[in-house]
Amino acid sequence: QAGQLTPAVWSQIFSASLSSPISPSIFNSDSSSTSTHSANLIPNNTSTNLSANLPVSPLSVAQPLSAHSPSAPLSLPSNHLAPSALPPAHPLSTGLSPAISSTLLPAAPTLTTPPVNTPGMLPGPVAPYRSIQMLDSVAGSSTDPNTQRMSGLTSLVSSRLDSSRSNRARRDHAAGMLPRKPRSKAQRKPSLMDGFSVPKIEDCITSALSPAGQPLDVINLSLQGRLPFPSSIQRKEHDLPSNQVFYLHQETSFYNLNENIGLNFEYPLLPLDTPVDSLLQNISGKIQEKGMMQLPNVGTSPPTFLSSSSLLPIQLLSFSNLGRANSLSKAPRLRAIALRTGTTIKDLVTLYRKEFAVRPAITQRNFLIVNFSFDHREFHNERPAVKISLADFGLGLEVIARHHRCLSIRTYATFREDFDALLPHGFLHLFVDEDSLEDHLCEDEGCLLVEEENHLEGSSEEEEAALTANPLPPTSVSSGISPQLPQIVNTPSTCVRERGQPVLWASTWNPPTQRRSTFYAANLTTTFYQESQRAFLRNNPNEISPPLLHLVGLSCESLSQAYLEEVRSSFIAGNFAHLLSPDCHFVIRDGSGNSVTSGRGVEAEVIHGALTIFSREHGRWFTPAVENFSTLTTIASTCNEHVSQECLNDLGILGALVALNLVNECPALPLNPLFLLYLIYEGDFDCLTEAAVSEWSPDLRYILRQWINLPPHELPSALFASHFATHHDLQLQTLAQRDPETHRLLGYRMLHNAVIGKLGTSSLEVQAFQKGFRLPVPNGLTFCEIAQCYFQGARWFLSRIYKSLKTFDDIELWLDVDSHEISNEDKERLDSVMDSAPAPYARRDFLFVLKDFFEGRGIPCPTAFQAIISRINPRISLEEAEDDPSFRVHSFCWAVSGAPFLPPGGRELKVILVSDDNQSYMNGQETSRTEALRLGVHSYKTCFQEVRIPISFLIKLLTLEYNSGLEPDNARDAIHFWFFQQTLEAIGSHTFN
């Protein structure tokens, strides 16, 4: 088969012009290998007929193999293919397929080049280039034998290097001959913001010369006022926003509205050392001069504080959250801020930079906007009346001028939280009666016509003189000294009065002035803690913060025990800086060490629980006095009578626990707040004014007023019998023979014994109690000194804490029932069930159900209650549940807020109704959440003063069929027992996680 190669096949195999002939050695191989090589040369599936009669050219002399060849080339069979049968050489074809090439052309060494015209040479097999030498053979060599041979790759590299050298030479020549151009900075693309820069507080401050020629740092200040923010009751009644905001979208409209009543002031080039007190006084005087607004009557004598600005019903508003917009209100929020006495404008842009010098408060005109408002709460009970018509003001159509007290409600109902403002015309229908189509808000708020001006209480001349004293020139660069209040110094007095002194309450009491520090009604806890921190840092200049108070326990009970030991250690050391540290944490953990809860609510409950545990034996510490209050129990009957040191130490610890509860806004029941007021003023008996006694003990005030009006020689009536028998151990007949002086002294003694006891601060036991009550911190202010400095004095401080709570009416104003977290399906189910509910719930709402529970008395379902009594906190007195009508109200407050009192500071108690799929309800494991829904567990969060109630369980109780022989036997008792159980079980425990 090998001999049947046709010329066409040979032309495909040997198709290139070979540079080397085939060596003759390829024909000298033995015959044993011929068939194998033939099979490899010709595929089996070929159908080509090969002729054996091929022309053969004579063989030439074979040349030796190249030294680079690793092995001999493949040999062709000699017995089948004679040399004379080989075809002449043909050019190498480029159409050879890769399969044939790989089979027929194995790797072969490179052969040396023979003479070109050697006759009889047979071309050898063709192979691809395998080395640099083969590349050299292609690149060729120099014909000059004297010239050094250069490979193809070397030649290529050399040409590239020559080109690179010539380019470098050309660049070097150009760099040396041509002038060099400086490289300019990159040009930014044109923008609409070109030339615009965000204003900063530094842009508002510049330098000026005083009249004396001295350089001064001055600032451009814009004071923008607003009417007082409505109270929580008014906000709830009229659906007003919950927060004051700095208006961005409606900035111009809000500015123009307040400009109509003269509440905007600009002070260019105002010295930075100008006191804020003087600035506010100047503003108040200008408002009075315009005559459009009647400010509340603040009286002629200054209250007990140093800041003269507190005489005025004006308060500065600062930004919260660095002036960044809140995600809910979408605008920066404002809040009232308390500033120290002597605060200057410079302090506003340095110390209080984050509260005042924020980005939204700086205008393009380089003015710093400072917001202020009118405060009508507490001391200023009367809202400012503005003499203007609704049409002139801009929020109504009435053209008749009135003394409007409704403008603040109209303003915030219109502008709301900026993004939802009812502008331009939405406010016209806010307070229009649907039937009469008349605006009823003026009538509801008592806005009298200007013609009825005589019915209003105008400001006195003394008040106007106080408000406009020492006015500050608005553009003066040399103004700046704050007017000083008269210094009033009182020494503590006793109930014993010298002859000739006035009778009880006949003279006005002037409280002592606190000279070192002045505080306001911002946050009671923060105030006391910050003062303790300042004292600690003064005593320890190398420290950066006071020591950390970190308590961990399995329950509130164990935390209270641990806190009690901390109080005992601090009293012995005479240093309460550790307990008054701003960095304190109370953490409840489970048995595995995982945190269950912590926060402000836990802290309040632990501190209140420590006092409850320590004073559990009331008869040991307290003696019942008046109005369900008690005074301190004393053993000694004379001033210097001996008392054991252990008893005195325990009284000191009790006094510290009482003060710590007051710091955390928890009243120290059952102690009389009048007794605590007496201790805060260091035994000054005159602090028990008629107004103070009337606030907390109106029955005692009535008896004392009757005694003052009783003629000295007249026998007292039976009205006084119980009082003298209880507090003086006297019978009325003993008082028959008394002169005017005895009658006068008895008036003081009646008040003293009923509130303080027989000995007062002269008793060693009262002195020991007062030692702990002061909460001393080395080189710092005591608890009593700080409490005296509050707005309107220590009485106001205690008034925020001691609030009466007797019936549902007392708590209703603090309740916020929220049904927004109920699905629409559950709302429809609840409405349907209430329509067909049994009495007394038929066609009622949830608030009525809650009120019906609060007004109940006793333990509902007493037999069923015995099964759960072991789960009730032992601090709860179940005996009071039978007789005390306020027991359920107190217990509910205790469960929601952590203490059985109304929350100070205006915080509401939120009752949130939820559906079963609400994610905020019992946000723990799904198994515990499912079980809680089945049992109708209330989820309490004392830190937020809120409780979530599953509405599905209420629907279930209203639709169940009850058995008359079992408890509960009706829907009303079932609901009362459900609320009663959930409320008491929540006290001292936490179910929200």
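Modeller: In this predicted model, a residue is called exposed when its relative accessible area is over 50%, and buried when that area is under 20%.

Biologist: Is E443 buried or exposed?

Modeller: E443 is found in helix α14, which covers residues 441-445. The cut-off for an exposed residue is over 50%. The relative accessible area of E443 is 69%, so this residue is exposed.

Biologist: Which residues gather with E443 in a patch of negative charge on the surface?

Modeller: Membership of such a patch requires over 30% relative accessible area and no salt bridge. E443 has a relative accessible area of 69%. The residues that gather with E443 in this surface patch of negative charge are E237, E438 and D444.

Biologist: How many residues of helix α26 are buried?

Modeller: Helix α26 spans residues 764-773 and is mostly covered. Its buried residues are E765, V766, A768, F769, Q770, G772 and F773. Of the 10 residues in α26, the number buried is 7.

Biologist: What covers the buried residues of α26?

Modeller: The buried residues of α26 include F769 and F773. Their cover includes one strand, β16 (630-632). The cover also includes the helices α17 (556-573), α20 (645-663), α21 (673-680) and α27 (783-788).

Biologist: Which residue does a cis peptide bond join to A839?

Modeller: Most peptide bonds are trans. Here omega is about 5°, and the bond is cis.

Biologist: What is omega for the peptide bond from E967 to P968?

Modeller: P968 has its place in the loop between α36 (951-959) and α37 (971-986). The bond from E967 to P968 is cis, with omega near -5°.

Biologist: Is D239, which has a positive phi, buried or exposed?

Modeller: Most residues other than glycine have a negative phi. D239 is not a glycine, yet its phi is about 55°. This residue is found in the loop between α7 (232-238) and β3 (244-245). Because its relative accessibility is 55%, D239 counts as exposed.

Biologist: Is C861 buried or exposed?

Modeller: C861 lies in the loop between α31 and α32 (862-865). Its phi is near 50°, a positive value in a residue other than glycine. The cut-off for a buried residue is under 20%. With a relative accessible area of 8%, C861 is therefore buried.

Notes: Residues numbered from 1 in each chain as written. Predicted model: local features only at pLDDT ≥ 70, side-chain atom pairs only at ≥ 80, totals over all residues. Heavy atoms only, no water. Patch = residues over 30% accessible without salt bridge, like charges linked within 9 Å, V, L, I, M, F, W, Y side chains within 5 Å. Areas by Shrake-Rupley, 256 points an atom, 1.4 Å probe, with all protein chains shown as cover. Salt bridge = Lys/Arg side-chain N within 4 Å of Asp/Glu carboxyl O. Lys, Arg positive; Asp, Glu negative; His and termini not counted. Charge placed at Lys NZ, Arg CZ, Asp CG, Glu CD. Helix = DSSP H or I, 4+ residues; strand = E, 2+ residues; numbered from the N terminus. Buried < 20%, exposed > 50% of the residue type's maximum accessible area, 1.4 Å probe, protein only. Contact = heavy atoms within 4.5 Å.
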